[in-house]
Amino acid sequence: MILNQPHVSRIPPVPEPPARPLWSVMIPTFNCGRFLPQTIASVLAQAPSPDTMQIEVIDDHSTVDDPEKIAAEVGGGRVGFFRQAAKVGHIKNFETCLQRARGRLVHLLHGDDYVLEGFYRAMERAFAEIPEAGAAFCRSILIDERGQQLSFTSCLQDNSSLLQDAVLHLAAEQHIMTPSIVVRRSVYENLGAFDERLVCGEDWEMWVRIAAHHPVWFEPQPLAVYRMHRDSHTSRHVRTGEDTRHIHLAIDIMASYLPSSVAETLSRRAKETYARSACDTAIALLKQRDFTGAMAVAKEAFRLSRSPGVFLYAARRSARMLLS
């Protein structure tokens with residue numbers, strides 16, 4: 001099963017028969033040097049031997065820091081490094097990560113995120129118990145740039161096992177932060193890399209694409225940490241409305257992966273969910289007196305969904321802001 005999609009690059013198989021590691025931990029970076037030491041250290045603290053785990057930083061031509069120096073100093077010779085000759089953007093940088101990964105299990109770990117003790121052990125156990133699983137993920141802890149805890153992703157079930165009706169759960173809402181998921185490299189070989197049409201939401205589309213074709217394991221322990229900060233890729237696009245616009249496109253793309261009997265209903269529900277979220281963002285930007293950003297986000301919110309529920313939600317949130 002190999003999908004051919006014009007906006008998705010192929011990931012060629014690793015040549016056999018050379019010995020391959022079980023793991024490839026690929027760390028994409030761009031101007032996130034202040035966080036990178038913690039990212040690398042979190043992997044090294046639980047990393048097996050180089051024969052078992054490849055660790056490599058893939059830098060998208062950073063301009064304000066020196067990730068190669070950081071990888072060398074923190075990694076102590078254990079961490080590889082590759083630098084793009086020129087900035088290619090995060091989608092192409094992710095693709096480079098996948099192409100350079102030699103392990104059978106691939107973990108994309110952003111250079112501003114990290115994992116907790118036990119992450120690799122839990123993920124390895126998942127694939128050992130269910131050989132047919134295409135991916136395994138755990139809950140995430142969301143933090144700010146100072147490391148302060150903000151929230152947790154949802155607990156979709158209480159036990160460590162295959163997620164039932166995974167594609168339906170995952171298409172309704174984004175439950176998977178990228179540092180929390182591990183994917184078999186063979187799955188990327190079959191389904192391709194991240195969709196190049198998406199500036200944002202490309203991770204969500206990928207996880208739903210995988211769940212539409214492969215069983216997915218869920219680990220209820222929060223073992224991955226996702227950092228939210230003003231300079232992150234997502235935050236930059238949120239303030240212009242571009243994030244919401246690409247979420248809209250991602251939902252439309254994902255509809256084709258769903259059973260026809262539920263695709264329309266589930267897509268409409270997802271659009272309403274993210275339109276409400278965009279309304280919250282617009283209100284937050286108004287409070288910051290960023291009127292241009294607020295208008296841009298509000299416009300995209302109502303393009304995403306014009307349901308009465310979304311208009312009522314926006315009206316209530318606006319009234320609450322005016323009264324506060």
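In what handedness of crossing does H10 pass H11? H10 passes H11 in a left-handed crossing, a term used where the near helix is turned anticlockwise from the far one by less than a right angle. This is a predicted model, in which local features need pLDDT of at least 70, side-chain atom pairs count only at pLDDT 80 or more, and totals for chains, interfaces and linings use all residues. Residues are numbered from 1 along each chain as its sequence is written, and side-chain values use heavy atoms, with hydrogens and water left out.

H10 and H11 pack with their axes 8 Å apart and at an angle of about 165 degrees. That makes H10 roughly antiparallel to H11, the term for angles over 145 degrees. Among the residues of H10 that meet H11 are Tyr 274, Ala 278 and Leu 285, contact being heavy atoms within 4.5 Å.

The buried residues of helix H12 pack against both H10 and H11. The 16 residues of H12 should span 22 Å at 1.5 Å a residue, and its end C-alpha atoms are 23 Å apart, which agrees; the expected span is 1.5 Å times one less than the number of residues. Seen down the axis of H12, the buried residues fall within an arc of 70 degrees, so they line one face of the helix.

| Class in H12 | Residues |
|---|---|
| Buried (under 20%) | Val 310, Ala 314, Arg 317 |
| Exposed (over 50%) | Pro 308, Arg 316, Arg 320, Leu 322, Leu 323 |

Definitions and conventions
Helix = DSSP H or I, 4+ residues; strand = E, 2+ residues; numbered from the N terminus. Buried < 20%, exposed > 50% of the residue type's maximum accessible area, 1.4 Å probe, protein only. Arc of directions from axis to C-beta. Axes fitted to C-alpha atoms, helices over the stretch in contact; angles between N-to-C directions. Parallel < 35°, antiparallel > 145°, perpendicular 65-115°, else oblique.
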